[in-house]
Amino acid sequence: MSETERSTAPETEPVQQPKQETFLEEVWDFLKTLIISMIVVFGITNFIVRPIQVIGSSMYPTLQPDAVGLANILGRKTAGLSRFDIAIIYVDQNKDYLVKRVVGLPGETVSYQGGRLYINGEEVEEPFFDEAYVSGYNGAFMQDVAPITLGANEYYCLGDNRPASKDSRYYGPFTDEQIVAKGALILYPFSQFGVKSW
């Protein structure tokens, strides 16, 4: 190669080394990601859906013990509650959440006679029951409950497994503020996957 050719050949660009992040930059990136994730999780679990786990057998066979899923906070706030909705209830005295079913609505008089539900003196069917399971108790599935008239913001809530449920028969009516979500999208066990009274 001649001297002229050597002088006109393009010079190669020096290879730039990738910029290495300092330790403080890495920590800051981690903290930003963590803070954003916490805000997103807080927003979802306080305004849209709430993770739930069914402890005990008070909702059996509708919900299996240890079932895991999501409850509908947004639907609770926008659509309110209807009779026989599944409700997620906060109980202040033991700092815990209960999963029960709404039976009586504000202003109604609720009672049970001979295992049958009466609202304002009229019998109301409870179609969500597993009749084979109920009949196994030979008429002792649900004891009588004297008439109770609910206040303007009170709900009477019971577990589907009446003999094994601590509910409004024990705690009394629950207030509107105590019912934080409704329905249950069951994720596990897979055999129960799906929406229960959403």
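1. Start at Ile-52, which stands opposite Gly-69 of strand β2 in this predicted model. The two strands concerned are β1, residues 49–53, and β2, residues 68–72; they pair in the antiparallel sense over five bridges.

2. Strand β11 covers residues 179–188, and its antiparallel pairing with β2 runs over four bridges.

3. The loop between β1 and β2 is worth a visit too, as Pro-61 has its place there. A cis peptide bond joins Tyr-60 to Pro-61, with omega at about 0°. You will find another cis peptide bond between Tyr-188 and Pro-189, where omega is about 5°. Pro-189 sits in the loop between β11 and β12, the latter being residues 194–196. As background, most peptide bonds are trans.

4. Next, look for the open sheet of four strands. Its order is β7-β6-β5-β8, and the pairing is antiparallel. Which strands stand at the edges? They are β7 (122–124) and β8 (145–149); each has a single partner strand, so one side of each is left without a neighbour in the sheet. From one strand to the next, the twist averages 30°.

5. Within that sheet, β5 (residues 109–113) and β8 pair in the antiparallel sense over three bridges.

6. Two residues deserve a look for their backbone angles. As a reminder, most residues other than glycine have a negative phi. Phe-84 is not a glycine, yet its phi is positive, at about 75°. This residue is found in the loop between α3 (73–79) and β3 (86–91). Is Phe-84 buried or exposed? Its relative accessible area is 14%, and buried means under 20%, so Phe-84 counts as buried. Asn-120 also has a positive phi, near 55°, and is likewise a residue other than glycine. Its place is the loop between β6 (116–119) and β7.

7. Finally, turn to the surface. A nonpolar patch of about 1100 Å² is made by Phe-23, Leu-24, Val-27, Trp-28, Phe-30, Leu-31, Leu-34, Ile-35, Met-38 and Ile-39. Leu-24 lies in helix α2, which spans residues 23–47. With a relative accessibility of 65%, Leu-24 counts as exposed, because the cut-off for that word is over 50%.

Conventions: Residues numbered from 1 in each chain as written. Predicted model: local features only at pLDDT ≥ 70, side-chain atom pairs only at ≥ 80, totals over all residues. Heavy atoms only, no water. Pairing = 2+ DSSP bridges. Axes fitted to C-alpha atoms, helices over the stretch in contact; angles between N-to-C directions. Patch = residues over 30% accessible without salt bridge, like charges linked within 9 Å, V, L, I, M, F, W, Y side chains within 5 Å. Areas by Shrake-Rupley, 256 points an atom, 1.4 Å probe, with all protein chains shown as cover. Salt bridge = Lys/Arg side-chain N within 4 Å of Asp/Glu carboxyl O. Buried < 20%, exposed > 50% of the residue type's maximum accessible area, 1.4 Å probe, protein only.
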